[in-house]
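Welcome, and thanks for taking a look at this one. Please have the sequence and the 3D view at hand as you read.

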Amino acid sequence: ALATFGLVCLFWAIPAASFALGDLASSVLFVVGFLPQLREFVVSRDTSGYSFALTAIDFTGCLANVAVLFAPCRTTAVEALGHAAPFVAIMAMHCVLVLIAALV
């Protein structure tokens, strides 16, 4: 609870920290989370257990979230892309996963 309060105070005091910690850092962590799966595909040369259907569902959900972030009239494209960065990172990593799975 104290850490949450500290982050709220930080975001209020320094709005740029919201982008750095909220959008940028979470995007990097999502990409890092995909690395073990990528390594597993490459090292084992096997994709058994990988669900292309769940990947498609997750990709569609991320795409819908990106569309919603770009929908408001008062939002600039740069601002919307900043907020959509985690979803774009997930979609990019899913594309890399599918490509690696197809090549393996």
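**Overall fold**

Keep in mind that this is a predicted model. The secondary structure of the chain comes to four helices and zero strands, and the order of elements from the N terminus is α-α-α-α. The chain has a radius of gyration of 17 Å, well over the 13 Å that the globule rule gives for 104 residues, so the chain is more spread out than a compact globule. Taken along the principal axes, the C-alpha atoms fill a box of roughly 50 × 35 × 20 Å. Of the 104 residues, 21% count as buried. If we take contacts between residues at least 6 apart in sequence, 68% of them join residues at least 24 apart.

**The nonpolar core**

Which residues make up the largest nonpolar core? This core has 12 residues: Phe34, Leu38, Phe41, Tyr50, Cys62, Val66, Ala84, Ile90, Met91, Met93, Leu97 and Ala101. H2, H3 and H4 are the elements that give two or more residues to this core, and H4 gives the most, with six residues.

Helix H3 covers residues 52-70. At 1.5 Å a residue, its 19 residues should span 27 Å, and the end C-alpha atoms are 27 Å apart, which agrees. Thr55, Cys62 and Val66 are buried in H3. Seen down the helix axis, the buried residues of H3 fall within an arc of 45 degrees, so they line one face of the helix. As a reminder, an α-helix has 3.6 residues a turn, so residues three or four places apart point the same way. On the other side of H3, Ala53, Leu54, Ile57 and Val68 are exposed. What covers the buried residues of H3 includes helix H4 (77-103).

**Two residues of helix H2**

Helix H2 takes in residues 15-44, with Ser27 among them. Not counting residues up to four places away in sequence, Ser27 touches Ala85, Pro86 and Ala89. Phe30 is also found in H2, and with the neighbours within four places in sequence left aside, Phe30 is in contact with Pro86 and Ile90.

| Residue | Relative accessibility | Class |
|---|---|---|
| Cys62 | 4% | buried |
| Ser27 | 8% | buried |
| Phe30 | 37% | partly exposed |
| Cys95 | 44% | partly exposed |

**The cysteines**

How many disulfides does a search of the whole structure find? The search finds zero. Cys62 is in no disulfide, and the nearest cysteine sulfur, that of Cys95, is 10 Å away. Seen from Cys95, the closest cysteine sulfur is in Cys62, and at 10 Å the sulfur is too far for a bond. Cys62 counts as buried because its relative accessibility is 4%, under the 20% cut-off. Cys95, with a relative accessible area of 44%, is partly exposed.

Key: Residues numbered from 1 in each chain as written. Predicted model: local features only at pLDDT ≥ 70, side-chain atom pairs only at ≥ 80, totals over all residues. Heavy atoms only, no water. Expected span 1.5 Å × (residues − 1). Buried < 20%, exposed > 50% of the residue type's maximum accessible area, 1.4 Å probe, protein only. Arc of directions from axis to C-beta. Contact = heavy atoms within 4.5 Å. Disulfide = S-S within 2.5 Å. Core = buried A, V, L, I, M, F, W, Y, C linked by side-chain atoms within 4.5 Å. Rg over C-alpha atoms; globule rule 2.2 N^0.38 Å.
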